[in-house]
Amino acid sequence: MHLPAQEIALRDFRAVPFLAQFFAAASYQIAWSIYVSDYSRYLPRDVGVGASFWWTYLGAFVGGTWMMFGRNAGRGAVSTLEVATALRTVADSALPGFGKPLLLCSLFGLVTITSLNYYGASLTLLSVMDFHQTQPPGRSPSGF
């Protein structure tokens with residue numbers, strides 16, 4: 001795979017776009033923090049907060065990073081193509097026949113994570129609605 005020299009040259013480095021992308025990536029990671037508490041409720045009691053945080057963070061980091069690197073490699077190598085076509089082209093050039101399975105796995109990952117995000121958003125919405133609901137003392141929001 002050939003990357004154009006201007007795509008990887010540090011002489012044209014600009015701090016503002018770099019920091020904008022850095023903060024976008026950091027925001028992506030922070031947005032996943034709600035899942036640490038969601039996963040941790042099902043873990044054995046002897047699993048500490050640090051372990052549940054770092055393993056969840058590592059999963060989000062690896063899952064997001066390989067897609068970001070793949071996207072950037074595709075964009076740098078074949079900048080005239082649409083994103084999915086570029087990713088397939090780069091994957092096929094790295095490992096012939098790998099492009100279609102990579103796109104299929106990416107699709108399944110996208111559907112899965114979108115479902116989890118809707119789940120998290122619905123829990124947040126229910127919590128907000130429940131907070132603004134007036135209740136007589138001693139009754140739970142569900143009525144039990």
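Helices, taken as DSSP runs of H or I with at least four residues, and strands, taken as DSSP runs of E with at least two, are numbered from the N terminus. This is a predicted model, in which local features need pLDDT of at least 70 and side-chain atom pairs count only at pLDDT 80 or more, while totals for chains, interfaces and linings use all residues. Residues are numbered from 1 along each chain as its sequence is written, and side-chain values use heavy atoms, with hydrogens and water left out.

**View 1. The protein as a whole has six helices and zero strands.** Read from the N terminus on, its elements follow the order α-α-α-α-α-α. Of the 144 residues in the protein, 16% are buried, where buried means under 20% relative accessible area, exposed means over 50%, and partly exposed lies in between (1.4 Å probe, protein chains only).

**View 2. Phe13, Phe18, Phe22 and Phe23 form one aromatic cluster.** Rings of Phe, Tyr and Trp (its six-membered ring) pair if their centres lie within 6.5 Å, and planes under 30 degrees apart count as stacked, over 60 as edge-to-face and the rest as tilted. By this rule the protein has three aromatic pairs. One of them joins phenylalanine 13 to phenylalanine 18 as a tilted pair, with 5.4 Å from centre to centre and 55 degrees between the planes.

**View 3. Phenylalanine 18 and phenylalanine 22 form a stacked aromatic pair.** Their ring centres lie 6.4 Å apart, and 20 degrees separate the planes. Both residues belong to helix α2 (residues 15-31), where they are four residues apart, about one turn of the helix. Phenylalanine 18 counts as partly exposed because its relative accessibility is 45%, and phenylalanine 22 is also partly exposed, with a relative accessible area of 47%.

**View 4. Helix α5 (residues 83-94) packs with helix α6 (residues 99-131).** The angle between them is about 130 degrees and their axes are 8 Å apart, the axes being lines fitted to C-alpha atoms, for helices over the stretch in contact, with angles running from 0 to 180 degrees between N-to-C directions. That angle makes α5 oblique to α6, because angles under 35 degrees count as roughly parallel, over 145 as roughly antiparallel, 65 to 115 as roughly perpendicular and the rest as oblique. The contact (heavy atoms within 4.5 Å) is made by Ala84, Leu87, Arg88, Ala91 and Asp92 of α5 together with Gly99, Lys100, Leu102 and Leu103 of α6.
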